[in-house]
Amino acid sequence: METRSIMIVGVGGQGSLLASRLLGNVLLAQGYDVKVSEVHGMSQRGGSVVTYVKYGDEVFSPVIEKGEADVIISFEQLEAARWLPYLKKGGKLITSTRKLDPMPVITGNAEYPENIIEKIKAAGIQVTAADALSLAEEAGNPKASNVVLMGVVAASTDFDDKLWQDAIEQCVPPKFLELNKKAFELGRKAAV
Amino acid sequence: MKKLMLGNAAFARGLYEAGVTVVSSYPGTPSTEITEFAAEYDEIYAEWAPNEKVAMEVALGASIAGSRSFCGMKHVGLNVAADPLYTASYTGVNGGMVIAVADDPGMHSSQNEQDSRHHAIASKVLMLEPSDSAECKEFTKTAFELSEKFDTPVIVRMSTRVAHSQSAVELCDRAEPKQKEYVKDPQKYVMMPAFARGRHVFVEERTQKLIEYAETSPLNKVIDNGGDVGIITSGVSYQYAREAMGNNASYLKLGIVNPLPVKLIKDFCAKYKKVYVIEELDDIIESHCKKLGLDVVGKELFGYIGEISQAIVAEKLLGKKNEFTAFDGNVPVRPPVMCAGCPHRGLFYCLSKNKIRVSGDIGCYTLGASAPLSAMDTTICMGASISALHGFNKARGEEAEKSTVAVIGDSTFMHSGMTGLVNIAYNATNSTVIILDNSITGMTGHQQNPTTGKNLKGDPAAAVNLEELCKAIGIKRVRVVDPYNLAETEAAIKEELAVSEPSVIISRRPCALLKYVKHKPALKVVTDNCKGCKMCLKLGCPAISVRDGKAVIDHTQCVGCGICSEVCKFGAISE
């Protein structure tokens, strides 16, 4: 199988590392060769962050370049717009409707673009949008938005549910397991 | 069993399987997790040293004592540890000794983009370079065997993409090599001129043997797909080349990047019409080839700056470019910022408000340089804030002393800041140094340090008392402020700048991300009181923004630190 590429983008602190590890574990359990590339250090502090997940028979490069991603999963609207050029022709965007002002917008030096999701759809791109924050709050903690979004992703794949459940158990501390499983379920239902 | 592992976790697994018993490191992105993962194995003693020089000397001591040892650091950390490295090359080892150095092409989290291979060449030690997690583990184990066989420390060079990518790793059992006997051997371990001369002869002979080894080592691999195009590469660049060119090129993948083989490279070049060298940062392999009179193409296509990628290789070698759709509109940048509730914010607000010159340092607080705080004039390297302030003040005199401060974190102060403070006391400038004590090493992801009272394993440890240390150094004026209290902090800065003697202000409050830190409920804006003056935006807090002319606070981010309510003149922010 040719290598497939998924990008997870968002704002540092939104939990993209956990999301990419979940996905990576599911794909490995599915029997694929997998590479997951993360960003640590300074960019994690509220900056724009991106993780790459690639899978197939044999994956070489751990990174994804412009026009290469089959799917982009975005935790925030502006980040969806920023990383859009990385989507390949015919690729799919799954995004949270969450908006977080970056510092240049806060300080009044730039404006947050309007109607981001509509504009991306108008460009002919297939978009699934979900209010991950509200669903995470419904599950009990706004921080679980990342796992909500993975539920949305799960709804669009045909991987066995057990693989996802196992991956959640592997990647989440026991204390937060129930919360995250609930968040995952809410995401999956929202996508249908 | 195959497991998805971060390159750094696989490296740590390699340490475990190789039977390492002593690990000493200083954190630095992208190397930090090697030591954190190593500490999770009960069989390994692992510690955070105050800096990389200390760490390497600890590892060398353990090696001389007969155990397999390790130290890890980022590229700039190897500069700090260069002194022991260059002589460890002469002493060689007893138990195997491996050094991890993690380069950061693209500067994801670094102040420069140096290529650590230069240190291996200059210190004449063996350097290996893995290209994925499986190799991180295997190369580490091999590095220990080679270290003992050739009597040399071995550097394993990592890069951000290898260190922080996860790929599948096959786990093996731990070897338990017997601790080697320690025999007193001053001619090998006492590097005074008479003995060091003898060891230099040994080092040169060793290099010749290592070159011979590199000619046939399985670490250097030829993947012959026939055709006209050959690519010489190493590390993650190999992965980029392989993805872009597939079976349309042949590869010489070098796992040993110092010393480089001669015959192997000549034979490879002879087989292909066109040979490219693909390497990030400097032209180490390319220069080696050109010195051998070989016609290769490298930096004229790929340059010396930043990361390479499969797209760059495809564009340069095949003229291929991917199609893509850009967003229709302007996308504002999103630079990293201090977190909501970050204790550094209050301090930097006071510095910014009073237009004070700031000699900065390396850590989360380097973000104080960004708008809207913009309160930093210089950032050079670990510890430089204090020594550079002294130099600045010596050059410009009283005017500078009254208007310039140094800022440095607790961990950075222990790393190499305190020697600068000794210099301020000893050589007398009326300098004002602010230690930002957030009780943790923040930027690299919460590592303990000598001031926190805990060791790497989280057990209680001796804690350096910063106040007493500064006094013992000779600074009489030492005071502590709470950076959440803006009035107190601002007054302290003004007073200490005004006095005619050196002083230290310790701005003390734990990092807001620490698990034990209790947060207050999110603050709210009393909309009727808000005049839309945007004073609160001057704090650069990611939780505050303005909608329809009024401030709003994002309740998912706000931790109730309260400094915005201190700057609001209209009482519009409340609990």
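This is a predicted model: local features need pLDDT of at least 70, side-chain atom pairs count only at pLDDT 80 or more; totals for chains, interfaces and linings use all residues.
**Entry 1: a salt bridge inside chain A**

I started with Asp161(A), which forms a salt bridge with Arg188(A); I get 2.6 Å between the closest N and O atoms. I then checked where the two ends sit: Asp161(A) belongs to helix H7 (residues 161-171) of chain A and Arg188(A) to helix H8 (residues 177-191) of chain A, so the pair ties together parts that are 27 residues apart in sequence.

**Entry 2: where A meets B**

Next I looked at the interface. How many residues does each chain put into the contact? I count 58 residues from chain A and 61 residues from chain B. The area buried between chain A and chain B comes to about 4,900 Å², and carbon and sulfur atoms carry 59% of it.

Then I went through the charged pairs. Between chain A and chain B I find six salt bridges.

Which elements of chain A give two or more residues to the side that touches chain B? My list has the helices H1 (16-29), H2 (77-83), H3 (103-106), H4 (116-122) and H5 (132-139), plus the strands S2 (33-37), S3 (48-56) and S5 (87-96), of chain A. I sorted the residues on that side of chain A by type and got 29 nonpolar, 12 polar and 17 charged.

**Entry 3: a sheet with strands from both chains**

I followed S2(A) across to chain B. It pairs with strand S8 (residues 165-170) of chain B over three bridges, in the antiparallel sense. Opposite Lys35(A) I find Ser167(B), in S8(B).

Within the chain A part I checked strand S1 (residues 4-11) of chain A against strand S4 (residues 69-74) of chain A: the two pair in the parallel sense, over four bridges. Ile8(A) has Ile73(A) in S4(A) as its bridge partner.

**Entry 4: a sheet in chain B**

I moved on to an open sheet of five strands in chain B, ordered S9-S11-S10-S13-S14, again with mixed pairing. Why is one side of strand S9 (221-223) and of strand S14 (296-297) of chain B left without a neighbour in the sheet? Both stand at the edges with a single partner strand each, so one side of each has no neighbour there.

I also looked up strand S10 (residues 229-233) of chain B and strand S13 (residues 274-278) of chain B, which run parallel and are joined by five bridges. Val229(B) has its bridge partner in S13(B), namely Lys274(B).

Last, I went through some backbone angles. The peptide bond from Thr29(B) to Pro30(B) is cis, with omega near 5°. I place Pro30(B) in the loop between strand S2 (22-25) and helix H2 (32-38) of chain B.

I noted another cis bond, from Ala371(B) to Pro372(B), with omega near 5°. Pro372(B) lies in the loop between strand S15 (357-359) and helix H17 (384-396) of chain B. I find Ser374(B) in the loop between S15 and H17 of chain B too. Is its phi positive or negative? Ser374(B) has a positive phi, near 45°, and is a residue other than glycine.

Technical notes
Residues are numbered from 1 along each chain as its sequence is written. Chains are lettered from A and ligands numbered from 1 in the order in which they are written. Side-chain values use heavy atoms; hydrogens and water are left out. Contact means heavy atoms within 4.5 Å. Buried area is the accessible area (1.4 Å probe) that two parts lose on being put together, summed over both. A salt bridge is a side-chain nitrogen of Lys or Arg within 4 Å of a carboxyl oxygen of Asp or Glu. Ala, Val, Leu, Ile, Met, Phe, Trp, Tyr, Cys and Pro count as nonpolar, Asp, Glu, Lys and Arg as charged, and the others, Gly among them, as polar. Two strands pair if DSSP finds at least two bridges between them.
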